[in-house]
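Student: Could we go through this model together? I would like to start with the overall picture and then turn to individual residues.

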Amino acid sequence: MEHHEQDTTSRRDWLKTIALGGAAAMTSHVAQAETAPAAPTARRIPIAVSTYSYWHFQEQKYPVDKVIEDAARLGFDGVEILHRQMDNETIPYMNKLKRLAFDNGLALPLLSIHQSFVQPKPEDRKKDIEHTLKCINLATQMGIPAIRMNTGSWRTVKRDANYYKDGKEPPIQGFTDQDAIKWCIESMQECLVAAEKAGVVLAIENHWGLSSNIDHLLEIYKPLASSPAMGMNVDTGNFVGDPYPQFERLAPYATIVQAKTYYGGGHYYDLDLDYKRIAGILRKANFKGYVSLEMEGKEDPATAVPKSLKVLREALS
């Protein structure tokens with residue numbers, strides 16, 4: 001009987017010791033958690049490649065599915081589809097692209113379309129609104145969350161080397177840039193109604209024309225920014241003059257960024273962009289979205305695209 005009581009007492013003491021020890025350890029862990037600063041997490045910026053990087057509007061289209069396969073092999077995170085590069089708009093074709101991307105572990109973050117709202121005739125603007133609405137449906141079918149939008153341009157000057165240096169384009173006689181800004185806002189508003197329902201972002205780009213002037217671009221963007229479907233696509237290569245201060249102004253609004261490279265000399269103009277500096281501007285703006293490569297040089301994409309990816313990975317990592 002005495003032996004049993006001793007056993008019971010020692011077991012009770014042992015359990016008490018364990019319980020106290022556990023409580024002390026837990027208190028210590030809680031104290032550490034409360035006092036230890038959270039370790040910063042290094043986030044990897046996802047990099048996509050535009051199908052345009054392989055095509056440049058040559059006579060023969062470069063197949064979108066081949067870009068998807070190449071992007072997976074090279075280690076990209078996604079593929080931006082240029083609408084004009086698609087073989088067709090049938091549901092089986094779009095489903096094939098979506099499945100191919102999925103099977104290869106790639107996102108399809110952006111559908112780049114062409115439209116212009118810098119058109120004096122309301123019926124002409126209406127045509128491009130209808131085109132945008134159709135493209136919202138295409139994006140929805142392919143599971144693409146964003147569409148690249150343009151402001152458009154007056155098309156009153158030739159697109160030569162001088163134009164790409166100064167971006168100056170006088171309005172059509174009888175109209176002003178302010179008229180064009182108003183048309184852009186009104187047309188975008190109409191498109192945004194459908195985009196909001198579809199859950200697709202309309203990302204307006206600094207894509208020459210009216211948007212060569214960053215003030216004009218922001219004048220269009222800001223009244224629309226309250227829409228959950230409004231976004232901005234900032235292109236590193238489409239700036240007139242010193243790109244960096246302008247990029248710094250637009251970076252806080254960026255939903256997606258297009259990064260240009262020009263290996264073998266550009267098709268339209270040449271730039272030598274400092275991607276380490278650009279990456280610093282993006283970090284400062286707390287940008288976390290996709291960066292999409294647009295290789296616009298004359299070099300064979302088979303060598304120029306992997307080189308471009310290496311530059312972007314090193315800068316953005």
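This is a predicted model: local features need pLDDT of at least 70, side-chain atom pairs count only at pLDDT 80 or more; totals for chains, interfaces and linings use all residues.

Student: How many helices and strands does the protein chain have?
Tutor: The protein chain has 10 helices and 8 strands. Helices (H or I, at least four residues) and strands (E, at least two) are DSSP runs, numbered from the N terminus.

Student: And what share of the residues is buried?
Tutor: Of the 317 residues of the protein chain, 48% count as buried. Buried means under 20% relative accessible area, exposed means over 50%, and partly exposed lies in between (1.4 Å probe, protein chains only).

Student: What share of the contacts comes from residues 24 or more positions apart?
Tutor: Among contacts in the protein chain with a separation of 6 or more, residues 24 or more positions apart account for 78%. A contact means heavy atoms within 4.5 Å.

Student: Let us turn to helix 7 and helix 8. How do their axes cross?
Tutor: The axes of helix 7 (residues 214–224) and helix 8 (residues 243–250) come within 11 Å and cross at roughly 10 degrees. That makes helix 7 roughly parallel to helix 8. Axes are lines fitted to C-alpha atoms, for helices over the stretch in contact, with angles running from 0 to 180 degrees between N-to-C directions. Angles under 35 degrees count as roughly parallel, over 145 as roughly antiparallel, 65 to 115 as roughly perpendicular and the rest as oblique.

Student: Which residues make that contact?
Tutor: Helix 7 contributes Ile214, Asp215, Leu217 and Leu218, while helix 8 contributes Gln246, Arg249 and Leu250.

Student: Leu217 turns up there; what does Ile204 touch?
Tutor: Not counting residues up to four places away in sequence, Ile204 touches several residues, including Leu217, Ile220, Tyr221 and Met149. Ile204 belongs to strand 5 and is buried, with a relative accessible area of 0%. Ile204 and Ile220 are 16 residues apart in sequence and 9.1 Å apart in space, C-alpha to C-alpha.

Student: Next, aromatics. How many aromatic pairs are there?
Tutor: The count comes to 14 aromatic pairs. Rings of Phe, Tyr and Trp (its six-membered ring) pair if their centres lie within 6.5 Å; planes under 30 degrees apart count as stacked, over 60 as edge-to-face and the rest as tilted. In Tyr52 and Phe57, the ring centres are 5.5 Å apart and the planes stand at 50 degrees, so the pair is tilted. Tyr52 counts as buried at 5% relative accessibility, whereas Phe57 counts as partly exposed at 35%.

Student: What about Trp208 and Tyr269?
Tutor: Their ring centres are 5.6 Å apart with planes at 75 degrees, so the Trp208 and Tyr269 pair is edge-to-face. The pair links distant parts of the chain, 61 residues apart: Trp208 lies in the loop between strand 5 (201–205) and helix 7, and Tyr269 in the loop between strand 7 (256–261) and helix 9 (275–284). Both Trp208 and Tyr269 are buried. Tyr163, Tyr164, Trp208, Tyr262, Tyr268 and Tyr269 form one aromatic cluster.

Student: Is Glu169 buried or exposed?
Tutor: Glu169 is buried, with a relative accessible area of 10%. Glu169 sits in the loop between helix 5 (161–166) and helix 6 (177–198).

Student: Which backbone nitrogens does its side chain reach?
Tutor: The Glu169 side chain reaches the backbone nitrogen of Trp154 at 3.2 Å and that of Arg155 at 2.9 Å.

Student: Last one: what does the side chain of Thr261 make a polar contact with?
Tutor: The side chain of Thr261 makes a polar contact with the side chain of Ser308 at 2.9 Å. A polar contact is a pair of N or O atoms within 3.5 Å; within protein, one must be able to donate a hydrogen and the other to accept it, and residues adjacent in sequence count only if both atoms are side-chain atoms. Thr261 is in strand 7 and counts as buried at 7% relative accessibility.

Terms used. Residues are numbered from 1 along each chain as its sequence is written. Side-chain values use heavy atoms; hydrogens and water are left out.
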